[in-house]
Amino acid sequence: MNSEMLTLAAELAEVMRLVDDDDVAAVLERFVRRAVRSIPGCDDAAIITHSNGGLEIAASATEVRPNLLEPGPVVEALAFREPRRLDDTATDQRWPAFSAQIATEGYRSCLALPLASLSDPAAVLALYSSTPDQFAEASFDLVLLLAMNAGVAFDNATLYHDSRKLIDHLRNALRSRSLIGSAQGLLMHRNGFDTDSAFAALRTASQHNNIKLRDVAARLVTAHERGELESAIVQLGLSVEEVSD
């Protein structure tokens with residue numbers, strides 16, 4: 001068992017590597033597919049999290065989408081951050097609607113494991129099997145390893161996603177700053193403005209034309225590159241006479 005655990009740990013580490021074109025969904029879907037292949041008798045796996053006040057399947061190994069609104073092991077594992085197990089949909093009476101719903105998909109047992117994640121909101125790794133009592137005898141070490149690594153994957157993927165968003169925002173901010181600086185330079189050269197006056201003129205044009213400041217600057221820079229700066233200045237109300245008024 002030790003060699004199998006070491007092999008699986010190495011494979012999971014590879015699964016969770018993030019590359020430039022990965023996103024949260026790609027990483028997590030890769031993980032749940034590996035979970036199905038690794039856990040004996042597991043026919044489906046999904047990572048479920050809170051989203052906008054409800055529940056959302058962040059990743060699933062198959063196209064089956066159980067109704068997450070039904071009270072059941074997944075909902076309780078998310079709410080209490082404790083494992084929940086449904087051994088047999090035919091005999092378990094705790095969650096009749098959930099049991100009936102997944103039984104129609106061909107499942108007889110389910111295990112919901114809260115992820116060891118630092119992220120908020122909470123997330124759960126849900127395992128499904130077409131065999132009753134499938135997870136009752138599952139190796140605790142194996143399932144625990146999956147849950148721990150899924151939590152790390154969820155944290156890493158979320159961090160990567162948030163970092164990419166931040167980088168995109170910073171890049172956009174830098175582009176905007178560069179465009180606005182170029183537009184200021186054009187107005188300073190053409191109209192004799194100082195830095196503050198050129199920026200004030202751009203801001204006024206933005207307000208009067210109901211156009212974002214960045215877009216006003218972009219129009220001026222593009223017009224200059226096309227040899228149409230004078231026309232753009234007039235259209236945007238940036239001539240010396242109009243700005244002075």
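Visitor: How much of the protein counts as buried?
Guide: Of its 245 residues, 40% count as buried. Buried means under 20% relative accessible area, exposed over 50%, and partly exposed in between, with a 1.4 Å probe and protein chains only. This is a predicted model: local features need pLDDT of at least 70, side-chain atom pairs count only at pLDDT 80 or more, and totals for chains, interfaces and linings use all residues. Residues are numbered from 1 along each chain as its sequence is written, and side-chain values use heavy atoms, with hydrogens and water left out.

Visitor: How many helices and strands are there?
Guide: The secondary structure comes to 9 helices and 5 strands. Helices (H or I, at least four residues) and strands (E, at least two) are DSSP runs, numbered from the N terminus. Along the sequence the pattern reads α-α-β-β-α-β-α-β-β-α-α-α-α-α.

Visitor: What share of the contacts comes from residues 24 or more positions apart?
Guide: Such residues account for 58% of the contacts with a separation of 6 or more. Contact means heavy atoms within 4.5 Å.

Visitor: Switching to cysteines. How many disulfides?
Guide: The count comes to 0 disulfides. A disulfide is a pair of cysteine sulfur atoms within 2.5 Å.

Visitor: How many aromatic pairs?
Guide: The count is 1 aromatic pair. Tyr107 and Tyr128 are stacked, 5.2 Å centre to centre with 25° between the planes. Rings of Phe, Tyr and Trp (its six-membered ring) pair if their centres lie within 6.5 Å; planes under 30 degrees apart count as stacked, over 60 as edge-to-face and the rest as tilted.

Visitor: Where do the two tyrosines sit?
Guide: Tyr107 is in the loop between α4 and β4 (109-114). Tyr128 is in strand β5 (residues 123-129). The pair links distant parts of the chain, 21 residues apart. Both Tyr107 and Tyr128 are buried.

Visitor: Where is Ser99?
Guide: In helix α4 (residues 96-103). Ser99 counts as buried, at 2% relative accessibility. Beyond neighbours within four places in sequence, Ser99 is in contact with Leu86, Thr89 and Asp92.

Visitor: On to α6. How many residues does it have?
Guide: Helix α6 (residues 195-209) has 15 residues. From first C-alpha to last, α6 reaches 21 Å, close to the 21 Å expected at 1.5 Å a residue. The expected span is 1.5 Å times one less than the number of residues.

Visitor: Which residues in α6 are buried?
Guide: Ala198, Ala201, Leu202, Ala205 and Ser206. They fall within an arc of 140° seen down the axis, so they line one face of α6. The arc is that of the directions from the helix axis to the C-beta atoms.

Visitor: Why would residues three or four places apart point the same way?
Guide: Because an α-helix has 3.6 residues a turn.

Visitor: What is on the face of α6 turned away from its buried side?
Guide: The exposed residues Asp196, Gln207 and His208.

Visitor: What follows α6?
Guide: Asn210, whose phi is positive, near 55°.

Visitor: Which residues of α7 are buried?
Guide: Val216, Ala217, Leu220, Val221 and Ala223. Down the axis of α7 they fall within an arc of 165°, so they line one face of the helix. Helix α7 (residues 213-225) has 13 residues and reaches 19 Å, close to the 18 Å expected.

Visitor: And what follows α7?
Guide: Gly227, whose phi is positive, near 75°.
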